[in-house]
Amino acid sequence: MQDQFSEIGSDIDPDIIESREWRESLDYVLRHAGPKRVRQLIAELQIHARSQGVRLPFAENTPYINTIPPDKQPPYPGSHELEQRVRNIIRWNAMAMVVRANIKDKTLGGHIATYASVCNLYEVAFNHFFRGAGDGYDGDQIYFQPHASPGVYARAYLEGRLTEHHLNNFRQELRPGGGLSSYPHPWLMPDFWSFPTASMGLSAIMAIYQARFNRYLEDRSLKEGNIRNVWAFLGDGETDEPEALGAITLAAREKLDNLIFVVNCNLQRLDGPVRGNGKIIQELEAVFHGAGWHVIKVVWGSGWDPLLAQDHEGLLAKRMTEIVDGQYQKYTVSDGQYQRDHFFGTHPKLMEMSRLLTDEHVRTIRRGGHDTDKIYTAYKAAVEHQGAPTVILAKTIKGYGMGEWGEGKNTAHQQKVIGEEGLRHLRTRFSIPLSDEEIKEAPFYRPPEDSPEIEYIKERRAALGGFIPSRQIVNPGLPKPINEDPFTELMTGTEGREVSTTMVFVRMLSKLLRDPDIGKLIVPIVPDEARTFGMDALFRQCGIYSHAGQLYEPVDKDTLIYYKEAQDGQILEEGITEAGSLSSMIAAGTAYSTHGVNTIPFFIFYSMFGFQRVGDLIWAAAEMRTRGFLMGGTSGRTTLNGEGLQHQDGQSHLLAYPIPNLRTYDPAYAYELAVIIRDGIKRMYIDQEDIFYYITIQNDNYAMPAMPEGVEEGILKGMYRLRSSLNGGPVTAHLFGSACIINETLKAQEMLSTDYGVEADVWSVTSYKQLWQDGLETERLNLLHPTKKARLPYISSCLKDTDGVYVMATDYVKTLADSVARWVPGPVVSLGTDGFGRSDSRPALRNFFEMDARFITLGALNALVRKGDLKPQIAQRAIRKMEIDPEKDSPLKV
Ligand SMILES: Cc1ncc(C[n+]2csc(CCOP(=O)(O)OP(=O)(O)O)c2C)c(N)n1
Ligand SMILES: [Mg+2]
């Protein structure tokens with residue numbers, strides 16, 4: 001990245017009188033009129049220069065030195081000496097945890113070098129900034145760098161919150177008494193970690209929307225006077241993930257001064273340098289500045305201050321700016337002489353400056369991210385800054401303190417075994433009072449309970465409100481059963497009026513929003529698709545959330561459903577960002593634990609752009625114990641017919657299969673939807689189950705029937721008999737339909753009976769996934785208890801007294817049906833939508849994918865033929881009669 005400092009002194013002598021005069025006048029203005037006037041003057045000069053045709057370089061960068069000068073540095077409030085001793089012990093134990101685990105089993109893995117680089121950044125925060133819960137404040141929310149977790153555990157060990165047993169079982173969670181999870185996992189350590197960060201990049205976007213949601217709660221009076229601060233610690237390599245920087249403009253736009261990013265710029269990622277030929281700190285500075293963030297660079301330790309103080313001509317700053325990161329990494333592993341020659345050797349004045357330092361001094365001058373005074377200064381400025389989020393770009397060394405066992409090496413990231421010699425070196429480096437004999441197996445070290453170190457950190461945490469991290473559930477759930485009213489209308493059907501499940505859903509949502517008890521807790525989230533789903537009436541009903549309110553007169557103000565933005569607006573209209581919307585869903589769906597507020601999110605999106613696009617965030621939502629509803633709109637590969645292959649979703653239900661605590665449904669009727677959502681709210685918000693829902697809704701209109709008797713259990717478990725055979729007599733076929741494909745199934749039932757004398761029952765399958773999970777659980781019990789009478793999976797018990805063939809049709813891939821086939825007491829024909837979609841009419845698409853009423857009919861007839869119950873000619877005749885082209889291309893053809 002080209003920056004404006006590269007030209008300093010390039011072809012003009014900076015010492016010439018002209019430069020000096022300008023500098024001196026600037027100093028004068030600064031002294032007499034302050035920094036604001038200096039800024040004004042420079043801005044005026046820039047405008048003037050441009051008007052004279054001088055092209056100025058893009059100016060989002062500052063020189064490669066600390067943002068806050070030494071004279072603005074506040075005194076350090078803690079004990080440097082004690083904190084240093086504590087850090088040494090934590091560094092040792094964090095390293096020992098990984099080494100010990102890998103002595104036992106080389107396959108366990110773990111990381112030492114990352115914590116070694118971030119240690120001081122964490123420790124200054126633990127001792128002076130991270131606020132725990134207390135005095136009406138719920139505590140800071142902190143997203144820790146995932147693979148630095150050993151350091152967080154090692155601190156909790158000193159604090160007395162974890163035992164040696166825990167540390168010994170790092171990455172061995174299945175050992176007796178449990179162990180510690182590799183990374184921050186709320187699913188695995190629900191009392192400790194709140195935020196899963198192991199999939200890199202996600203913590204940044206989740207933190208931004210978390211900080212915004214904290215404001216939302218306040219603005220909507222769901223929580224008062226308690227906007228929590230959010231800290232996200234990111235790796236510099238991690239910032240390459242699109243999610244990491246993808247939402248930073250939102251944070252600035254929303255003026256989220258409760259948000260602080262700390263980027264641990266150790267210049268390395270897993271394989272090597274992050275920006276060997278450039279400078280990650282400068283690059284990030286430009287990006288964050290451009291987005292409107294308050295940027296604080298913490299590049300150099302105090303050892304450089306005297307040199308920079310003499311750098312009146314900016315030569316040192318220029319040299320610092322022109323060296324690329326790959327070279328800085330080289331300095332880390334080089335001796336003082338090399339650095340002197342290479343770094344200072346380019347200019348006689350620099351060389352002269354360097355004579356103030358010994359070689360050892362040159363080698364050991366610290367980077368800013370290891371200097372607690374500089375870190376403290378940056379954090380203080382960050383928490384005090386108002387009106388914008390802050391990012392701290394802290395330069396560190398990967399593997400700091402590990403010496404030749406990793407410091408600055410390209411292999412540092414994966415260093416997890418350290419031999420005896422290395423342990424001896426580190427023991428001495430960290431002043432750990434263990435003998436050569438004792439350290440062979442890298443034992444943990446904890447000073448006595450009444451030692452100054454332990455007393456110090458406990459006192460610090462007590463003063464700051466308590467231990468961190470700590471996950472607590474402070475809300476007991478909704479106090480009473482939810483009102484029936486929003487659901488009753490949907491149970492009685494539409495009396496012939498044709499509507500879609502999407503329309504039904506929006507109606508229910510609008511009633512839920514008006515509910516006196518839970519209405520205010522509902523959080524509708526849309527990524528610029530409210531109109532697509534017919535939800536625009538809600539804009540006016542509840543308002544779109546905007547902290548700034550509405551600063552303009554909306555163009556449609558004179559209509560009934562105008563675009564109303566309001567500070568207490570309820571809808572989160574996120575714009576075109578599924579990742580951002582999902583991050584909002586996570587913030588709202590975990591508020592029961594993070595805020596003690598039972599907000600109930602409904603995230604309504606194009607089903608195709610859900611699991612496929614942001615599946616990893618959905619996985620994070622799952623392990624974070626998020627509650628709420630993912631509503632996959634315009635679902636079904638043939639039902640969303642005109643939009644073509646990138647919009648038509650025939651797989652999201654399959655992609656949802658692996659998520660253990662996600663209940664998925666593909667309902668056909670209004671009453672099914674009502675039963676599912678009513679039960680979901682009860683299970684999540686009254687019974688406090690850590691589950692969430694994925695429900696697909698469609699845009700096909702048809703009459704919604706009233707709910708038959710006794711089907712509620714079946715709806716929730718995944719299937720029920722919807723319509724028995726039309727003419728009595730023996731039933732030889734069973735037709736399964738889901739969502740609007742149920743209509744094809746019902747039609748096939750009639751065709752089979754009328755045209756072929758085959759009687760069939762129709763079953764509505766609301767969830768193949770629920771049937772499949774239940775089947776797996778039942779099989780497992782049967783496997784482990786051979787002497788007990790085998791239990792039947794729910795699907796088998798539904799079909800227990802049935803006979804014949806089973807035809808299962810969905811608007812999704814056939815794997816859904818296939819997943820339950822082994823629990824069905826007869827041949828299964830699965831019909832679905834495998835292959836790329838097309839734009840065309842629904843009938844054309846259902847013919848193309850071979851899953852309309854004709855194919856369901858043919859599927860039943862053919863299966864009966866194969867079973868020996870019908871003559872092949874009957875199926876052959878049916879093909880002709882129904883005008884099916886047996887030579888047509890397969891929809892799977894590639
Ligand atoms: C999405 C994702 N991709 C890859 C990884 C594997 N991984 C873990 S740490 C790491 C390198 C991290 O580099 P950086 O962000 O610079 O952190 P550092 O360890 O240097 O502090 C990688 C590639 C991951 N955890 N998540
Ligand atoms: Mg890094």
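This is a predicted model: local features need pLDDT of at least 70, side-chain atom pairs count only at pLDDT 80 or more; totals for chains, interfaces and linings use all residues.
Residues are numbered from 1 along each chain as its sequence is written, while chains are lettered from A and ligands numbered from 1 in the order in which they are written. Local features need pLDDT of at least 70 and side-chain atom pairs count only at pLDDT 80 or more, whereas totals for chains, interfaces and linings use all residues, and side-chain values use heavy atoms, with hydrogens and water left out.

Around ligand 1 there are 18 residues, of which T114, Q145, D236, G237 and K398 come nearest, a residue being near if one of its heavy atoms lies within 4 Å of the molecule. By class, this shell has three nonpolar, 10 polar and five charged residues, where Ala, Val, Leu, Ile, Met, Phe, Trp, Tyr, Cys and Pro count as nonpolar, Asp, Glu, Lys and Arg as charged, and the others, Gly among them, as polar. Several polar contacts (pairs of N or O atoms within 3.5 Å) can be described individually. A nitrogen atom of ligand 1 lies 2.9 Å from a backbone N or O atom of A198, and an oxygen atom of ligand 1 lies 2.8 Å from a backbone N or O atom of G237. In the case of K398, an N or O atom in the side chain is 2.7 Å from an oxygen atom of ligand 1. Of the 590 Å² of accessible area that ligand 1 has on its own, the protein covers 76% (Shrake-Rupley method, 1.4 Å probe).

Strand β14 spans residues 692–696, and because five of its five residues are buried, the strand is largely enclosed by the rest of the structure; buried denotes under 20% relative accessible area, exposed over 50%, and partly exposed the range in between (1.4 Å probe, protein chains only). Helices (H or I, at least four residues) and strands (E, at least two) are DSSP runs, numbered from the N terminus. Both faces of β14 are covered, with F692, Y694 and T696 buried on one side and Y693 and I695 buried on the other. Strand β12 (residues 629–633) runs parallel to β14 and is joined to it by four bridges, with F629 standing opposite Y693. Strand β13 (residues 662–665) is likewise parallel to β14, again through four bridges, and here Y665 stands opposite I695; pairing requires at least two DSSP bridges between two strands.

Residue I65, in the loop between α1 (17–51) and α2 (80–104), is partly exposed, with a relative accessible area of 24%.

Terms used. A polar contact is a pair of N or O atoms within 3.5 Å; within protein, one must be able to donate a hydrogen and the other to accept it, and residues adjacent in sequence count only if both atoms are side-chain atoms.
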